[in-house]
Amino acid sequence: MGKTLHSGRIKLPSKPDPKLWVGKAPFGLGKLKPHHIRDTMKVVWDNRDNLPYAYRILTQGVCDGCALGVSGLYDQTLTGPHICTTRLNVLRLNTMPAIKPELLHADIDELRKLDSTALRKLGRLPYPLLRRKNERTFRRITWEEALERIAAKIRGIDPKQLAFYLTARGITNEVYYAAAKAARFIGTNNIDNASRICHSPSKTALKRSVGIGASSCNYKDWIGTDVLVFWGSVAANNQPVSTKYMYAAKRNGTKIIVINPYREPAMEGYWIPSIAESALFGTKLADDFYQVNIGGDIAFMHGVMKHWFEMEEEQPGSAIDHEFVREHVNGFEELRAHVKNQDWALLTKSSGLTKERMREFAVLLAKARSGVFVWSMGLTQHRFGTDNISQVANLALLRGFLGREHCGLMPIRGHSGVQGSGEMGADPFSLPGGEFKGADIPRVEREWGFELPRWQGDIVGVSLENTQLPDDHERKLKVFYTSGGNFLETMPDPEFVRTCLESVDLRVHQDIVLNTSTLVDAQEEVIVLPAMTRYEQPGGGTSTSTERMVYFSPEIAGPRVEEARAEWQIYGELAAKVKQDRPNLAAFDSAAAIRVEIARAAPAYNGIQKLQGKGDVFQSGGAWLCEDGICPTADGKGNLIAIELPELRKPEGNFYATTRRGKQFNSMVYSDTDSFNGADRYDVLMHADDCAALGIAEGSAVVIYNRIGMMHARAKKADIAPGNIELFWPEGNVLFPKGVYEPQAGIPEYNTSVVIEKAETFHALKDTRYVEKRIDELEMDIPT
């Protein structure tokens, strides 16, 4: 799409800048902060049985942590080595030996006593396993028996009763592509991926607003932009290497703004271990925080635009880039009329911010010549997530922050594998290089050599819910095949999810370790298949970073786990067994052959077929998508969209609740204590005024509840917008409603209205009438 290529790495300044220091105490002594050296030593100790292999993974492989895209120890943004504790924590998954047989084949109830952290530490899955309903242990089976049992069951059901799911666990583009092809060849469109619960609204919104499905810019554009805005994103915690980019940006005069209900300590100041002055004295990152209400972002952005239009009336050209809008944007007059009609009182109530604060941000952006907007799940995990992102796009289009240096829209990815999932077709709405509609269907049919099923596949949440349909329903889910993932710890209403998992006839877990969902019964049987990591896969593999860099990660010499197989190979073998009359149509001989086919099926990935060695990389789409303001839409223009203000219903005395991440990688928790604020996994972050109003002291036991569920927690005072609370994920998932999805992208709702009470008050008054009355107040607050 873009004609300009990425210009390469830049150097950090050599001289320190004391103005950016958090303090003069060396190494942040006396402050609550991560201990990077101590954590690194722990990782070394954990990997002491395989240190040479661990070293080769770090220095030769592409990071299987977040999607910043570090190949070996280097990225495409800054010179010098990069490594973070997230990558180090994930390292043990790749180096640990197989689970000991006496543990693997222990009584199922003994295994169920362990949480996912403890199960993970048992070791790798060594060979295929089978456990029928009510059997007490897993038993070892051959690959032949495992695949034949799965294939036989699939052959006996309607393809609409089969669903595939792929997590982002180090999965490569080759695996996503092979799975997408195998699923469609077998006859089902029910295939989904981890993006469904993180960034699916980003792709949907960007497609309708500017015609793209990925970040329009690079990390390098952070460095020197006038304003870098993090919207519902705590990059310092979730993508730690990004703090180096923030440091470089600050050294170049960039203002960093964070918009989030909680004043995240990780974004306030950070001790960057690979930069000497930052490791010693820390670096101030955020210049300002705008603490919006949970779900109040659309109102806040309406307020910003309303100020812009008022500024334009006073002085034309003072806020809107009229030349960019005139040449590259549709819908300006409609949006202006819509925004001017918004009521200030409603905007301030919904956003939780004053009119004056909204003006401050409006003026800041209006004076900026460039800006990059970065966001994550604070914007996407809402029932109106797509509207949130299109509203961000509205701001960028009005200011012309698109398609040029130091400008852009960036949905920052939390996992190295997930950007490529939909682009490879592992999505019910996508095909390689396009959508599951129109001319893309016959195009892919010509490439694949077979006819695609024409019915619309389901998102993974709906597939799980379909387990509750009558047995004779054509979409009753009977076989659920999941590559990684643990829905007990990622989806709202975990007990309902457990019921769904138990209702499937056959459940297949293709993974590298056990987790709690692997141990749940199925109506007939559970089959476990041992997968290779990305570093073990013959022929290597590729992954796509947030900034669309497609990296090659080579096969790395080292110990192997008994019978683990490459995941792309497993999907091909399964498809051949299901469709025995045409066994070769969805199978591949090598990873290189997959890359050759990807280059044909997904034109934006032309170049992937040339990647074959350590350090090989190319950027899909060039440095900037929508370069020079030209968007890949029907008329080449971006679309301003008049977004309706969502109704946020919260009775007096109730709270908006959302989730946050602590010391964890996705649902994999590495510590019970948050290293940035000292919170326990069952602490609830509350504003001091809210605690005072309820008579709740720091550390007091509280009960948080609504009609969905109940959670025991302890109050922790925090700098969070009043009337809002934050809980750790996935512990807080018991409070979020099942079956509530964003209508356009299908992401589940991870926000809700709750009541908080002292534990002694709740339990003292806990009779039927009291609880029912309190919950009745919530009935209109939670969408169903």
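Which helix gives the largest share of the nonpolar patch? Before I come to that, please keep in mind that this is a predicted model, in which local features need pLDDT of at least 70 and side-chain atom pairs count only at pLDDT 80 or more, while totals for chains, interfaces and linings use all residues. Residues are numbered from 1 along each chain as its sequence is written, and side-chain values use heavy atoms, with hydrogens and water left out.

The answer is helix α1, residues 36-46, which supplies three residues; helices here are DSSP runs of H or I with at least four residues, strands are runs of E with at least two, and both are numbered from the N terminus. The patch covers about 600 Å² and is made by Phe27, Leu29, Ile37, Met41, Val44 and Leu51. Leu51 lies in helix α2, residues 51-60, and is partly exposed, with a relative accessible area of 37%, where partly exposed is the range between buried, under 20%, and exposed, over 50%, with a 1.4 Å probe and protein chains only.

Let me turn to Ser430, which sits in strand β13, residues 430-431, and is buried, at a relative accessible area of 1%. Leaving aside residues up to four places away in sequence, Ser430 touches Arg184, Lys203, Gly422, Gly425, Glu435 and Phe436, a contact being heavy atoms within 4.5 Å.

Finally, in helix α18, residues 355-367, the buried residues include Arg357, Met358 and Phe361, and the end C-alpha atoms of this helix are 18 Å apart, in agreement with the 18 Å that its 13 residues should span at 1.5 Å a residue, the expected span being 1.5 Å times one less than the number of residues.

Key
Patch = residues over 30% accessible without salt bridge, like charges linked within 9 Å, V, L, I, M, F, W, Y side chains within 5 Å. Areas by Shrake-Rupley, 256 points an atom, 1.4 Å probe, with all protein chains shown as cover. Salt bridge = Lys/Arg side-chain N within 4 Å of Asp/Glu carboxyl O.
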